[in-house]
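Please consult the sequence and the coordinates shown here alongside the text.

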Amino acid sequence: MADKQKGAIILAIESSCDETAAAVVKNGREILSNVISSQIALHTLYGGVVPEIASRKHIEKINQVIESALSDSGMTLEDMDAIAVTYGPGLVGALLVGVAEAKAIAYGARKPLIGVHHIEGHICANYIENRELEPPFLCLVVSGGHTHLVKVIDYGMYEILGRTRDDAAGEAFDKVARAIGLGYPGGPKIEKAAKEGNANAIVFPRAKVAENPYDFSFSGVKSAVLNYINGCHMKDIAIVKEDIAASFQKAVTDVLIEHAIRAIDEFQINKFAIAGGVASNSVLRNGMKTACESKGVKFFYPSPIFCTDNAAMIGAAAYYEYLSGRIDGWDLNAVPNLKLGER
Ligand code: KG4
Ligand code: ZN
């Protein structure tokens, strides 16, 4: 067990998609180092993440990234109390690089190994800069691969209220950005273009899922944008990218905020957090802030660097696993479709 004075120090590794990342985290909330090697520039050439290229880049970078994380923290492997790694969900080849690396380090250094759920990591990113945040709280997780509305009952205990039936919110941003020629990754590019556009120029649909009011569906709004563009081409009308970006962004964020408000009203939990890459979107952040303020709910959001993929959030999540004594065996494997709350 960790020594009380020093606290629990965890080396965390993340490689589930297109960022190779490592961090050293103390007691789940204090970041001693946070190193991210992004592959975005490489994947931009192909208009999206190419899984095999991602795996190859991870294997090339991972040792350097871990070396930097340890040296930035001023610590050595000896000082670590555990080695944590994202083991799912994500791209299998990409996950395997991090899992194999973490296992080798943990085995060689005789340290406990902790497998972390990537979405749990995104949620726990909120603990880093908000030391006072403790469960229970509601959390909207919006990333490139996931859109979940979650009740965080306790550390490591989650109830999924709703999820997307098709595209994730970030995926819709990426696809629409590609359709209007903004390139990858779409989210930040749509947000930038939208600043110059009129959010009320085009009315795109806000889909409702009949069976569960907390579920999401974003494939309809994506198709509506594609149809709108085709219609303009057929009628020889010039498209205004900025107006499409602003109107699309409004349609997606309206739905996200509406679902959040419904959950606040129903569950009467006075803390709400957002997480994942799309949580760095300023229209979503401002809209959620206003909604929470009007309901007397305290609103939490990570800095943009902790919204997109990073290893500090994995170290934050791992700490609570460590405290509960949940350590993984040497048979830990990558689980590309791992569900939240499943082991
Ligand atoms: O959490 P993340 O780094 O990776 C996944 O776990 O998926 O999220 C990446 C996603 C991408 O789809 C990207 O377009 C989106 O987050 N994103 C944004 C913004 N920044 C990143 N979406 C909207 N607005 C942004 N500012
Ligand atoms: Zn992520």
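The model is a predicted one. It contains 11 helices and 10 strands. Of its 343 residues, 54% count as buried.

**Overall form**

- The radius of gyration is 20 Å, which agrees with the value near 20 Å that a compact globule of 343 residues would have.
- The C-alpha trace spans about 65 × 45 × 35 Å along the principal axes of the protein.
- Among contacts with a separation of 6 or more, 73% are made by residues 24 or more positions apart.

**Surface and charge**

**Nonpolar cores**

- In soluble globular proteins, nonpolar side chains tend to be buried together.
- The largest nonpolar core of this protein has 47 residues, and those with the most contacts inside it are L140, F204, F218, F248, F272 and M288.
- At least two residues of this core come from each of β6 (137–142), α5 (169–179), α6 (186–194), α7 (219–234), α8 (241–267), β9 (271–275) and α9 (282–295).
- Helix α8 provides the largest share of this core, with 12 residues.
- Another core, of 38 residues, lies apart from the largest one and includes C139, V141, Y158 and Y322.
- F218 of the largest core touches T147, T164, D166, D167, A168, A169, A172, V252, V255 and L256, when residues up to four places away in sequence are not counted.

**A buried residue: I314**

- I314 is located in helix α11.
- Its relative accessibility is 0%, so I314 counts as buried, the limit being under 20%.
- Beyond its neighbours within four places in sequence, I314 is in contact with A12, I13, E14, A84, V85, T86, V116, H118 and G121.
- S282 is 32 residues from I314 in sequence, and their C-alpha atoms are 24 Å apart in space.

**An exposed residue: D331**

- D331 belongs to the segment after α11 (312–323).
- With a relative accessibility of 65%, D331 counts as exposed, because the threshold is over 50%.
- The C-alpha atoms of D331 and R165 are separated by 32 Å, and these residues are 166 positions apart along the chain.

**Cis peptide bonds**

- G88 and P89 are joined by a cis peptide bond with omega about -15°; P89 lies in the loop between β4 (82–88) and α3 (92–109).
- The peptide bond from P135 to P136 is also cis, with omega near 5°; P136 is in the loop between α4 (118–129) and β6.

**Positive phi values in residues other than glycine**

- R110 has a positive phi, near 55°, and occupies the loop between α3 and β5 (113–117).
- The relative accessibility of R110 is 60%, and R110 therefore counts as exposed.
- Q268 has a positive phi, near 50°, and is found in the loop between α8 and β9.
- Q268 is likewise exposed, its relative accessible area being 65%.

Terms used: Residues are numbered from 1 along each chain as its sequence is written. Chains are lettered from A and ligands numbered from 1 in the order in which they are written. This is a predicted model: local features need pLDDT of at least 70, side-chain atom pairs count only at pLDDT 80 or more; totals for chains, interfaces and linings use all residues. Side-chain values use heavy atoms; hydrogens and water are left out. Helices (H or I, at least four residues) and strands (E, at least two) are DSSP runs, numbered from the N terminus. The radius of gyration is taken over C-alpha atoms; the globule rule is 2.2 Å times the number of residues to the power 0.38. Buried means under 20% relative accessible area, exposed over 50%, partly exposed in between (1.4 Å probe, protein chains only). Contact means heavy atoms within 4.5 Å. A nonpolar core is a set of buried Ala, Val, Leu, Ile, Met, Phe, Trp, Tyr and Cys residues joined through side-chain atoms within 4.5 Å.
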